Amino acid sequence: MSPRHAYALVALTLAVACRQEPIREPIYTGDRRLPSRPDAGTVTPTISVDAGTLTEAFSKDALTRAIGSCTTGLVTDFVARAGSLEAAVRSYAAAPDVHTRGLAQAAWREAMGVWQELEVFRFGPAGGPELPGGLSLRDQIYAWPLVSACKIDEQLVERTYAESTFGASLINGRGLGALERLLFVEDDANGCSEFSVINASGTWDALGTAGRARHRLEYAVVVAALVRARAGELEVAWREHAMAFVAGTAPYDSTQASLNAVSNAMFYVEKEVKDYKLGRPLGLLECASPPCLELVESPWAHASTTHLAANLRGFRRLYLGCDASGLGFDDWLVAVGAGELADRMNSALAQSVAVVDRLGGPIDALLVGDSAAVSAAYATVKSLTDPLKTELVTVLDLELPMTVEGDND
């Protein structure tokens, strides 16, 4: 069977599954959600976020179908953005000037805007090998916080990117994080210490400005092509995985297990957003001498707050719903009689979105000029994640992810 026919069969099977009536699940047909807001960033998603009206009664089966549809839409969107990004980078490399570089940077921002929403969808093939169906494809596309300026600059000099094995090299020198440095930095300095081979041996200086620029363009083309290829792999793998996710069949034990995988992924706002993107730079953890500006995400494109907003949009899609049914985890809470908790989390999410929208600048600049604003963002996101890791998982009989168990902050 050809790949095209296989995809068609998968799509047909999913469509049939989506027309089946939900069974053996609690039913809720009310509407308790917040009105949707326009996205504040430059990326315009191709699928809506919580249209505000339920078109299908709640059940776990219906919720997995809704999340499956939402995931498919976002992954498809990212594949298109990754293709546009590769094309823009190739155009920049073929005729480097201010204009083509700007177009490549804009394409990176567009692709990253969608990816930062998908960061919260780290289940199935995007997840790690310890998860059902996990293939670690997220890390192949964007490995933050494992991004190394020194590794990138060493590989730039040594042309490691030209080797046939580069696609299997350390992830801290590949992916969207490496591409950010290659597209946004044009510096005669490098990110390594004096003990690095490129400084100790003088190969960085010997390459010269023109040589470094040439290698940087070559490197960027290779990385962009790899991102596009990995995006395609994610799309194929997700489409193959989607029916099992929706039905709650192997590698899942039930639709409850499928939704537990989604719940685990939603904890991205607890660990990565609250702790890593806000808490660490603020000096609340893993920072010896705050503020720790070197721990801020997106240090070269200065898109850290834009990434935060996109992460919250991704969480919002799962919690409030984003496909045509309007089903999300909030509806599950209401269905089991926890409407008051749903309302509190709805409010905390709306406040978190508003606080991040008001930041108005990258985190590293704010830590120097207005650290109170970053502290306020941390506290507001915490008001969302506290009930997530205590009340929501208890009420819905979900298991905490291992990375959060025993975390009392």
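This is a predicted model: local features need pLDDT of at least 70, side-chain atom pairs count only at pLDDT 80 or more; totals for chains, interfaces and linings use all residues.
Q: How many salt bridges does the count come to?
A: The count comes to 25 salt bridges, where a salt bridge is a side-chain nitrogen of Lys or Arg within 4 Å of a carboxyl oxygen of Asp or Glu. Residues are numbered from 1 along each chain as its sequence is written, and side-chain values use heavy atoms, with hydrogens and water left out.

Q: Okay, which residue does Arg 101 form a salt bridge with?
A: Its partner is Glu 186, and the closest N and O atoms are 3.6 Å apart. Arg 101 sits in helix 3 (residues 98-118) and Glu 186 in the loop between helix 6 (175-184) and helix 7 (197-200), so the pair ties together parts that are 85 residues apart in sequence. Helices here are DSSP runs of H or I, at least four residues, numbered from the N terminus.

Q: And is Glu 186 buried or exposed?
A: Glu 186 counts as exposed, at 53% relative accessibility, while Arg 101 is buried at 18%. Buried means under 20% relative accessible area, exposed over 50%, partly exposed in between (1.4 Å probe, protein chains only).

Q: What about Glu 117 and Arg 317, how do their side chains meet?
A: They meet in a salt bridge of 2.5 Å, N to O. Glu 117 belongs to helix 3 and Arg 317 to helix 11 (residues 304-320), so this pair ties together parts that are 200 residues apart in sequence. Both residues are buried.

Q: Which residues do salt bridges with shared partners join into one network?
A: Glu 119, Arg 122, Arg 138, Asp 139 and Glu 272. Arg 138 is in helix 4 (residues 137-141) and is buried, at 4% relative accessibility. Beyond its neighbours within four places in sequence, Arg 138 has contacts (heavy atoms within 4.5 Å) that include Trp 115, Glu 119 and Trp 144.

Q: Switching topic: which residues touch the most other members of the largest nonpolar core?
A: Phe 78, Leu 176, Tyr 319 and Phe 329, out of 115 residues. Helix 8 (residues 203-247) gives this core its largest share, 16 residues. A nonpolar core is a set of buried Ala, Val, Leu, Ile, Met, Phe, Trp, Tyr and Cys residues joined through side-chain atoms within 4.5 Å.

Q: Last one: where does pLDDT stay under 50?
A: Over residues 1-51. The mean for the protein is 89, and 85% of its residues reach 70 or more.

How values were computed:
pLDDT is the predictor's confidence in each residue, from 0 to 100. Helices (H or I, at least four residues) and strands (E, at least two) are DSSP runs, numbered from the N terminus.
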